[in-house]
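Student: I've got a structure open and want to go through it with you. Can we start with the overall make-up and then move to details?

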Number of protein chains: 2
Amino acid sequence: MERSPIHRVSVADQVASNLRERVLNGELRPGTSLHEIPLAESLGVSRNTMREAVRILSLEGLVKRNIHRGIAVAQLSLKDVHEIYHVRRLLEMQAILAAKTPDPDLLRQLRTGLEQYEKAVRARDWVAAVNHDLRFHRLIIRFLKNDRLEDFYQKTIGELRMGMVLVDRRHDDPGMLVPVHRRLYQLLIAKKLRECTEILARHLDDSESRLCRVLDDHLAGNSSANHGPEAKARSVRKVRSAGKVRSVARVHD
Amino acid sequence: MERSPIHRVSVADQVASNLRERVLNGELRPGTSLHEIPLAESLGVSRNTMREAVRILSLEGLVKRNIHRGIAVAQLSLKDVHEIYHVRRLLEMQAILAAKTPDPDLLRQLRTGLEQYEKAVRARDWVAAVNHDLRFHRLIIRFLKNDRLEDFYQKTIGELRMGMVLVDRRHDDPGMLVPVHRRLYQLLIAKKLRECTEILARHLDDSESRLCRVLDDHLAGNSSANHGPEAKARSVRKVRSAGKVRSVARVHD
DNA sequence: TTGTTTTCAATTGTTCAACACTTGACAGAT
DNA sequence: ATCTGTCAAGTGTTGAACAATTGAAAACAA
């Protein structure tokens with residue numbers, strides 16, 4: 001995974017990458033408040049460098065800065081989840097439609113990715129499975145052949161992953177989604193793009209409502225444990241996006 | 001334009017805003033190399049604060065950092081322009097299609113904005129005219145009701161404006177575009193959304209090819225004056241995106 | 001007890017001065 | 001003319017300091 005050119009990245013960027021990874025892994029859970037000095041010392045860098053790194057993360061939406069009050073790992077609201085899935089639907093469906101003359105190499109990557117996905121599920125390796133799931137969707141975005149859209153999509157997925165670290169893996173079976181992905185791939189190579197977008201839309205709607213349920217339970221669950229400054233009427237019991245979701249029924253099988 | 005809550009913004013953010021404005025105004029032209037110490041002293045802030053501000057701008061794509069080599073105001077390539085217009089077409093057309101049940105307040109803003117646009121053109125105030133042009137499109141994006149998409153659009157338009165500061169205002173008539181915008185507005189309130197997107201697509205294609213022409217001339221023109229580190233075979237004479245543009249003919253009148 | 005004011009420690013925002021590291025250019029040697 | 005070593009300029013990073021703000025405890029008043 002190393003590039004042949006020399007590493008040549010600034011320390012601040014490396015620190016940012018380190019933090020980003022830890023946030024997306026769930027090691028730093030949403031709501032965790034971060035203190036500059038301990039963080040800087042833990043990585044052996046100065047406070048200024050750490051501040052630059054934190055600035056990067058905050059512009060990516062992974063941490064929230066409250067001036068003079070500190071920084072905390074961002075926490076997704078239901079509105080955030082809804083927005084993010086709106087973005088996903090829009091970009092991924094457009095990407096499918098842009099696959100009329102798909103890059104053969106991309107199709108190959110999609111196929112091998114799918115195989116690895118299935119293998120990970122068979123091995124009960126949920127972490128790898130989720131990664132392959134997200135990678136599949138990221139590859140789809142490549143059909144757009146637009147670096148800006150790809151970066152934006154990636155940034156958005158990053159925010160989403162912060163919400164996904166909350167889902168209890170024991171109550172959620174990532175392998176469940178393999179058949180949908182296989183179907184998407186088959187429709188894609190069969191050039192049935194319209195139908196492919198329909199399946200994709202339902203897949204995303206399904207995914208959204210499931211995440212919303214988990215998130216809603218979570219917000220209602222530890223409202224006392226959460227000492228953050230957002231004790232508003234946020235933990236609505238009613239699943240907010242349920243009305244917008246076209247189909248909550250399981251898609252596959 | 002001041003919010004009622006107290007100013008409470010960090011100095012670094014204010015410095016970033018200052019630089020951003022100057023870049024988008026064209027006061028700091030693309031390719032200009034920026035030096036931290038003079039910049040910091042000119043605004044009366046420390047070098048660290050200036051570095052934070054520059055970090056912000058670089059993540060917005062307005063300046064490019066070359067490690068140990070300095071920073072420079074970013075310069076759009078033809079590929080960048082093509083990508084940006086791809087983004088615009090995608091988002092703006094989807095926004096139009098999302099205007100089936102439009103917010104009345106938004107429609108009103110669109111109308112008054114259009115009137116101010118026309119007034120600015122009659123007053124030969126090209127700067128205001130261009131601003132009203134861009135504002136019209138930004139309002140359209142609001143139909144999507146999605147902060148993330150709106151932010152991304154705004155960031156992308158920011159990059160585009162950096163390319164637009166190169167166009168020679170004497171050879172370009174911003175008033176020319178008023179009729180198209182009026183037409184878009186009329187189709188929008190008439191709920192002829194499909195037709196509206198068609199006009200919009202042609203408008204954007206037209207705008208793209210015109211900007212590409214200007215940019216291409218510019219890149220070819222001062223290849224000697226440009227001491228930047230990108231002396232590649234970048235100044236292709238052939239307008240790269242001409243093949244993709246559906247219609248170069250004037251849209252209005 | 002309850003509500004208000006004061007104090008204070010903790011943390012962030014900002015500055016400053018120094019040093020390490022890279023780079024581009026220039027001068028001298030071949 | 002080409003190569004090589006030197007060097008000034010500029011960026012990357014550090015550590016320490018001070019200013020500004022906040023949250024909450026402590027002191028006070030009703």
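Student: How many helices and strands are in chain A?
Tutor: This is a predicted model. Chain A has 9 helices and 3 strands.

Student: In what order do the elements of chain A run from the N terminus?
Tutor: The order is α-β-α-α-β-β-α-α-α-α-α-α.

Student: What percentage of chain A counts as buried?
Tutor: Of its 253 residues, 32% are buried. As for contacts in chain A between residues at least 6 apart in sequence, 73% join residues at least 24 apart.

Student: Which domains is chain A divided into?
Tutor: Domain 1 covers 11–73 and domain 2 covers 78–243.

Student: And how many residues of each are in contact with the other?
Tutor: In chain A, 10 residues of domain 1 are in contact with 9 residues of domain 2. The side of domain 1 that touches domain 2 has 5 nonpolar, 3 polar and 2 charged residues by class.

Student: Now helix H4 of chain A. How many residues does H4 have, and how far does it reach?
Tutor: Helix H4 (78–97) of chain A has 20 residues. From first C-alpha to last, H4(A) reaches 28 Å, close to the 28 Å expected at 1.5 Å a residue.

Student: Which residues in H4(A) are buried?
Tutor: Among them are Val81(A), Ile84(A), Val87(A), Leu91(A) and Ala95(A). The buried residues of H4(A) also include Glu83(A), His86(A), Arg88(A) and Glu92(A).

Student: Next, the sheet of chain A. What is the strand order?
Tutor: The 3 strands form an open sheet in the order E1-E3-E2, with antiparallel pairing. The edge strands are E1 (33–34) and E2 (63–66) of chain A, and each pairs on one side only.

Student: How many bridges join E2(A) to E3 of chain A?
Tutor: There are 4 bridges between E2(A) and strand E3 (70–73) of chain A, which run antiparallel. One bridge pair is Arg65(A) with Ile71(A) in E3(A).

Student: Which helix packs on that sheet?
Tutor: Helix H3 (47–59) of chain A does, touching E2 and E3 of chain A. The direction of H3 makes about 110° with that of E2(A).

Student: Over to chain B. In what order do its strands come in the sheet?
Tutor: The order is E1-E3-E2 in an open sheet of 3 strands, and the pairing is antiparallel. E1 (33–34) and E2 (63–66) of chain B are the edge strands.

Student: How many bridges for each pair there?
Tutor: E1(B) pairs with strand E3 (70–73) of chain B over 2 bridges, and Ser33(B) has Ala72(B) as its bridge partner in E3(B). E2(B) and E3(B) pair over 4 bridges, with Arg65(B) partnered by Ile71(B).

Student: Which residue takes a positive phi in the hairpin of E2(B) and E3(B)?
Tutor: His68(B), with phi near 65°. That hairpin has 3 residues between the strands.

Student: What makes a positive phi worth a look?
Tutor: Most residues other than glycine have a negative phi.

Student: Where does Arg124(B) lie, and is it buried or exposed?
Tutor: Arg124(B) is in the loop between helix H5 (104–122) and helix H6 (126–141) of chain B. Its phi is positive, about 55°, although it is not a glycine. Arg124(B) counts as exposed because it has 10 C-beta neighbours inside 10 Å, and the cut-off for exposed is 12 or fewer.

Student: And where is Lys145(A)?
Tutor: In the loop between helix H6 (126–141) and helix H7 (147–164) of chain A. Phi of Lys145(A) is near 50°. Lys145(A) has 14 other C-beta atoms within 10 Å, so it is partly exposed.

Student: How far apart are Lys155(B) and Leu62(B) in sequence and in space?
Tutor: They are 93 residues apart in sequence and 9.2 Å apart in space, C-alpha to C-alpha. Lys155(B) is in helix H7 of chain B. With 17 other C-beta atoms within 10 Å, Lys155(B) is partly exposed.

Note on methods:
Residues numbered from 1 in each chain as written. Chains lettered and ligands numbered in written order. Predicted model: local features only at pLDDT ≥ 70, side-chain atom pairs only at ≥ 80, totals over all residues. Pairing = 2+ DSSP bridges. Buried ≥ 20, exposed ≤ 12 C-beta atoms within 10 Å, placed from the backbone. Contact = placed C-beta atoms within 7 Å. Domains from an automatic or database assignment. Nonpolar A, V, L, I, M, F, W, Y, C, P; charged D, E, K, R; others polar. Expected span 1.5 Å × (residues − 1). Axes fitted to C-alpha atoms, helices over the stretch in contact; angles between N-to-C directions.
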